[in-house]
Amino acid sequence: MATIWDVLGIEPTRDESEIRRAYARELKLRRPDKDPKGFQALREAFDSAKRYASSTVVLNDEDEHFPDKPEPTPMMDYVRELMQEQTSQPQTLWSKNELWEQAQSVSTLLIRDELEGLGTLHRYLDNEIPDALEARHVFSLMLAEALSEQKWLNRSLLNEVSAVMDWQIDSYRSSQLPDWLVHALEQQIAITNRENYWQYLARQYGGNRYAQLKWRLLTEKGMAIPGWVRLVPDLLSQLAKQVGELRQQSPALLERLNPSLLEVLQKPTLALSWGAIIAVVFWGYTAWLTGHESPKAAFQSGVMLAIVATFLWGYPFLERRFKSGGAASKCVHTVFWLASWLLLAMAFYSAWRGASAWQGKDVITMRALVILLFLVIPVGWALWQRRGDWRNLPVRIVVVVLMFPVLFIRQLPPLVNLLGMILLPMLYGITIEMVYFIK
């Protein structure tokens with residue numbers, strides 16, 4: 001069985017300098033990433049050898065008495081001279097400045113070319129680093145510090161270097177590096193991720209002139225937001241969506257955005273959108289289909305349009321206009337809540353009356369079936385989906401019913417859009433006329 005001295009490749013000694021040099025020499029052959037078992041045996045042998053070297057007990061000649069020392073012989077004098085010669089040899093010197101320059105050079109190469117940098121790091125650790133354990137430890141810290149200052153450091157590269165240097169970095173922790181250095185590395189990775197995301201956005205907006213206009217409005221500081229921007233369909237809403245994504249994914253990038261745009265988006269404002277255009281066309285055509293037959297029907301169509309406009313545009317505007325939780329906000333919610341319940345109650349009542357058209361003994365059963373199919377199931381499903389916001393549920397149901405054809409038409413291909421704009425208003429017009437119009 002191999003002894004600790006066999007593992008270290010030296011004769012038994014109490015000289016810690018020789019033990020450390022042997023450990024550094026063997027460490028090149030038993031790296032932890034390639035030979036973990038050999039490294040473990042080497043580490044245990046190194047610890048045992050250090051304990052052996054430090055166990056020497058120096059006794060005072062005045063307190064202890066030993067047998068007479070043997071007379072020196074020529075052989076003993078020769079051995080003593082060899083030991084004195086070995087002790088007098090200067091240890092290998094190394095410079096921290098040279099290690100720092102090497103760490104800077106390797107870190108820069110790793111960022112520029114990861115494969116070449118890893119190869120250079122392996123060669124330096126195997127053949128060029130000073131043969132001293134302390135030098136290896138100092139270089140490890142210097143390399144980590146140099147990487148923490150390198151722009152474009154990414155997670156993949158850090159993991160590769162960590163495996164080579166045995167840093168054991170895992171979720172802001174390391175058994176080989178101090179916490180402040182691990183934090184600096186993680187901060188540099190976060191900066192790299194942020195810069196990559198910003199460059200991705202710049203490429204996304206680098207296409208046509210319309211995309212470039214949005215990028216200028218989004219990022220060019222000092223650029224005022226002209227009034228005509230509100231007339232370009234969906235322009236402000238798309239910019240607001242992009243700002244929201246930045247706020248969630250990388251809040252630090254908000255300081256690069258146009259302050260004028262952020263100020264405009266913080267205030268309630270009316271802006272044109274394709275959804276609004278489709279809604280105006282759809283509900284205008286629906287109102288014409290149901291109201292062109294008589295003045296009475298035209299008046300009821302006008303009331304229908306007023307209700308649609310109030311729920312689709314008035315309610316969101318008032319919701320943004322008044323502070324949440326204030327008296328005005330509560331009053332707005334109460335009015336729309338009551339109006340929504342009134343519209344839903346009228347729909348239930350009309351469905352009940354419509355079911356009475358069936359004659360026979362099972363009139364009640366038919367009424368219940370119609371209400372179950374056309375009202376209870378959809379409303380129940382909506383209640384379950386929004387059970388956490390049950391106070392605003394009636395308003396949401398009405399808004400969803402009014403916006404459903406608009407959203408549906410927007411998802412269709414262009415040619416099918418035209419067909420949907422013709423057929424859906426007819427279906428909605430017939431349904432609304434049956435439910436709410438007074439004959």
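This is a predicted model: local features need pLDDT of at least 70, side-chain atom pairs count only at pLDDT 80 or more; totals for chains, interfaces and linings use all residues.

Residues are numbered from 1 along each chain as its sequence is written, and side-chain values use heavy atoms, with hydrogens and water left out.

Select first residues 96–112, helix α5, whose 17 residues reach 24 Å from first C-alpha to last, close to the 24 Å expected at 1.5 Å a residue (helices are DSSP runs of H or I, at least four residues, numbered from the N terminus; the expected span is 1.5 Å times one less than the number of residues). Within α5, colour L99, A103, V106, S107, L109 and L110, which are buried (under 20% relative accessible area, where exposed means over 50%, with a 1.4 Å probe and protein chains only). Seen down the axis of α5, these buried residues fall within an arc of 165°, so they line one face of the helix (the arc is that of the directions from the helix axis to the C-beta atoms). They pack against α6 (114–128), α7 (133–148) and α8 (155–165), with contact meaning heavy atoms within 4.5 Å. On the other side of α5, N97, E98, E101 and R112 are exposed.

Next, select S329 in helix α15 (residues 327–355), which counts as buried at 9% relative accessibility.

Finally, go to L418 in helix α18 (residues 414–436), which is exposed, with a relative accessible area of 58%.

Note on methods:
Helices (H or I, at least four residues) and strands (E, at least two) are DSSP runs, numbered from the N terminus.
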